[in-house]
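Here is a briefing on one protein chain. It covers a helix, its surroundings and a sheet.

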Amino acid sequence: MGHQPLSNSPGFDADFRQHFRDLLVWRRDVRRFRTDKLPDGLLERLLDLACLAPSVGLSQPWRFVRVDDPVRRESVRAEFEHCNAEALAAQSLERAGLYASLKLAGLREAPCHLAVFVDPDPAQGAGLGRRTMPETLAYSAVAAIQTLWLAARAEGIGLGWVSILRPAVMNGLLDVPADWRLVGYLCIGYPAEPDDVPELERAHWEHRRPLSEVLLER
Ligand SMILES: Cc1cc2nc3c(=O)[nH]c(=O)nc-3n(C[C@H](O)[C@H](O)[C@H](O)COP(=O)(O)O)c2cc1C
């Protein structure tokens, strides 16, 4: 027996909770995409849902940049290749072979590219809540990305987060204000194959730990 919904607030029943759990389990980082385009207007609809995310002081500091220009996309891919080669060179001898075998971005195949930045000093919100923790602005943008990730998956669409990029270089490549800070570069499209296990776990790079390892009690 859950709480009775108040007036017009929706109730969420056990079926919904099971579906919601499925959504969380099947939300995976996707790097292997089909190349089919997303239907017109779908990205905008998903971004409207992403904007329902919480934000510090209701500042909504996320800034979305849809990248369609093939020349800019190619420069982003080259920037990723550069950073990924450096990351490979920094791997230990034991890990380098496995790292080299990982697919860490779907930049070539994904039909939709979206850069997410944070505005470090938005007028909206009048500074509420971020005096001692200015990083809460970036956390708010992350909350929007997570909301987008779930909303996309609910439509059968996958999202892959690419962070192997130099933020300052990305501001130049995408011609956005110099003080915006890159939070994530997202590849979006239909997954080649949905999965309920993280690809890095399937590739034996890392495995998920039980809650007991991260929950402290005081
Ligand atoms: C902040 C952040 C940055 C990430 N950057 C990358 C990346 O550059 N390349 C990549 O392949 N995956 C990236 N990922 C995805 C993670 O590897 C992935 O979330 C993790 O392995 C767990 O897998 P899952 O998302 O399928 O549960 C990133 C995820 C987060 C949250």
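## Helix α3 and the sheet

The buried residues of α3 are covered by elements that include α4 (93-101), β2 (112-118), β3 (158-162), α6 (167-174) and β4 (181-189). The model is predicted.

**Helix α3**
- Helix α3 spans residues 70-89, 20 residues in total.
- From first C-alpha to last, α3 reaches 29 Å, close to the 28 Å expected at 1.5 Å a residue.
- R73, V76, R77, E79, F80, C83 and N84 are the buried residues of α3.
- Viewed down the axis of α3, these buried residues fall within an arc of 160°, so they line one face of the helix.
- The face turned away from that buried side carries exposed V71, E86 and A89.

**The sheet**
- Four strands form an open sheet in the order β1-β2-β4-β3, and the pairing is antiparallel.
- The edges are β1 (62-66) and β3; each has a single partner strand, so one side of each lacks a neighbour in the sheet.
- From one strand to the next, the twist averages 25°.
- Five bridges join β1 and β2 in the antiparallel sense.
- R63 has F117 of β2 as its bridge partner.

**Helices on the sheet**
- Helix α2 (residues 42-50) packs on the sheet and touches β1, β2 and β4.
- The direction of α2 makes about 170° with that of β1.
- Helix α5 (residues 136-154) also packs on the sheet, with β1, β2, β3 and β4 touched.
- The direction of α5 makes about 5° with that of β4.

How values were computed. Residues are numbered from 1 along each chain as its sequence is written. This is a predicted model: local features need pLDDT of at least 70, side-chain atom pairs count only at pLDDT 80 or more; totals for chains, interfaces and linings use all residues. Side-chain values use heavy atoms; hydrogens and water are left out. Helices (H or I, at least four residues) and strands (E, at least two) are DSSP runs, numbered from the N terminus. The expected span of a helix is 1.5 Å times one less than its number of residues. Buried means under 20% relative accessible area, exposed over 50%, partly exposed in between (1.4 Å probe, protein chains only). The arc is that of the directions from the helix axis to the C-beta atoms. Contact means heavy atoms within 4.5 Å. Two strands pair if DSSP finds at least two bridges between them. Axes are lines fitted to C-alpha atoms, for helices over the stretch in contact, and angles run from 0 to 180 degrees between N-to-C directions.
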